[in-house]
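I opened this structure to see how its chain is laid out. These are my notes, in the order I looked things up.

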Amino acid sequence: MEGFLIWDYEHRYEEAIARLASWVRAGRLRYREHILSGIEAAPRAIDMLYSGANTGKLLIRLES
């Protein structure tokens, strides 16, 4: 197994964003978001984050 640090490739950031964005648009790269609504959901979000209960990126939608 071999790992890498993202900062080792910082100079290729623009290239990566362009390539990843094209893969998302083409459906070759998919991601999941777990979205909770309202600031009152923040404590639950923290619990979910540390317990691993969320699927994908955990977001809180704040409404004005």
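I read along the sequence and found the pattern α-β-α-β. I counted two helices and two strands in the chain. Helices (H or I, at least four residues) and strands (E, at least two) are DSSP runs, numbered from the N terminus. The radius of gyration is 16 Å, well over the 11 Å of the globule rule for 64 residues, so the chain is more spread out than a compact globule. That radius is taken over C-alpha atoms, and the rule is 2.2 Å times the number of residues to the power 0.38. The C-alpha trace spans about 40 × 30 × 20 Å along its principal axes.

I noted that the model is predicted: local features need pLDDT of at least 70, side-chain atom pairs count only at pLDDT 80 or more, and totals for chains, interfaces and linings use all residues. Residues are numbered from 1 along each chain as its sequence is written, and side-chain values use heavy atoms, without hydrogens and water.

Next I checked helix H1. H1 covers residues 13-26, 14 residues in total. From first C-alpha to last it reaches 20 Å, close to the 20 Å expected at 1.5 Å a residue (1.5 Å times one less than the number of residues). Gly 27 follows H1, with a positive phi near 80 degrees.

Then I turned to the strands. How do E1 and E2 run? E1 (residues 33-37) and E2 (residues 57-61) run parallel, joined by five bridges. Two strands pair if DSSP finds at least two bridges between them. His 34 has Leu 58 in E2 as its bridge partner. Ser 37 stands opposite Arg 61 in E2.
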